[in-house]
Amino acid sequence: MNKIYFDKTEKGREEIVSRTYHLSAKLRPLLVIIDGKHTVEELLKSVQGLGLSQVHLDNLLAEGFIAARPANATAAPATAATSDQIPTNANPINLAPPKQAIPLTPEQSAAQLLMIRNFFNENVKSNLGLRGFGMQLKVERAETRDDFLQLREPFLEAVEKAKGEALAKELGNRLDQILL
């Protein structure tokens, strides 16, 4: 199966910088995270929590904000490097923050913060219930990636206590993928 990658066109880059074409608020986060290094499947998985799907990707393509390209030699190492940086589960639950973050552009950073906030909002509510009220308030006050990194350990400890070690490990791995 051929892997397809999308990258921003000149029109897409112009929209990110100046909002010239007034792209809808729903499609903007999807455009922001498209970088030519992630497959369609990876992109859709990362935005599924935002209610975005293949239809939205097709809209960006049809409107000329992105262009498809087949896999090439430069895309594979970038994807491999990202997966190598995800902490392994040598510890029962890896509560240590991720080793090193990849520098992001301001647009990527904004999209990443939105994805992190959505992750916390969904998982605090569904896994901690009322016990997570204080955590939810901290999530709402968090403004930077470092703020969310500081919430990582208390969140995973609370999930482990409420739902068990297996779920805490799984959520820790998913959170690390978003944080990196």
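In helix α8, the residues R145, F148, L149, L151, R152, F155, L156 and V159 are buried, where buried means under 20% relative accessible area, exposed over 50% and partly exposed in between, with a 1.4 Å probe and protein chains only. The structure is a predicted model, in which local features need pLDDT of at least 70 and side-chain atom pairs count only at pLDDT 80 or more, while totals for chains, interfaces and linings use all residues. Residues are numbered from 1 along each chain as its sequence is written, and side-chain values use heavy atoms, with hydrogens and water left out.

Helix α8 covers residues 145–163, and its 19 residues should span 27 Å at 1.5 Å a residue, which agrees with the 25 Å between its end C-alpha atoms; the expected span is 1.5 Å times one less than the number of residues. A kink of about 30° lies at R152, shortly before the proline P154, the bend being the angle between axes fitted to the seven residues ending at a residue and the seven starting there. Just after α8, G164 adopts a positive phi of about 110°.

The protein chain as a whole comprises 9 helices and 2 strands, taken as DSSP runs numbered from the N terminus, with helices (H or I) of at least four residues and strands (E) of at least two. From the N terminus on, these elements follow the order β-α-α-α-α-β-α-α-α-α-α. Of the 180 residues in the protein chain, 37% are buried. Among the contacts with a separation of 6 or more, 70% join residues 24 or more positions apart, a contact meaning heavy atoms within 4.5 Å. The protein chain exposes about 10200 Å², of which carbon and sulfur atoms supply 55%, as computed by the Shrake-Rupley method with a 1.4 Å probe.

The largest nonpolar core has 40 residues, and those with the most contacts inside it are I34, L57, L60, F120, F148 and F155; such a core is a set of buried Ala, Val, Leu, Ile, Met, Phe, Trp, Tyr and Cys residues joined through side-chain atoms within 4.5 Å. Two or more residues are given to this core by each of α2 (28–33), α3 (40–47), α4 (54–62), α6 (106–128), α7 (133–141), α8 and α9 (165–179), and the largest share, 8 residues, comes from α6. Leaving aside neighbours within four places in sequence, F155 is in contact with F119, F120, N123, V124, L128, M135 and L171. M115, placed in helix α6, counts as buried at 17% relative accessibility. Not counting residues up to four places away in sequence, M115 touches I33, S46 and I178, and its C-alpha atom is 9.8 Å from that of L175, although M115 and L175 are 60 residues apart in sequence.

In helix α1 (residues 10–18), the buried residues are G12, E15 and I16. They cover an arc of only 100° around the axis, which puts them on the same side of α1, the arc being that of the directions from the helix axis to the C-beta atoms. The face of α1 turned away from this buried side carries the exposed residues E10 and V17.

Most residues other than glycine have a negative phi.
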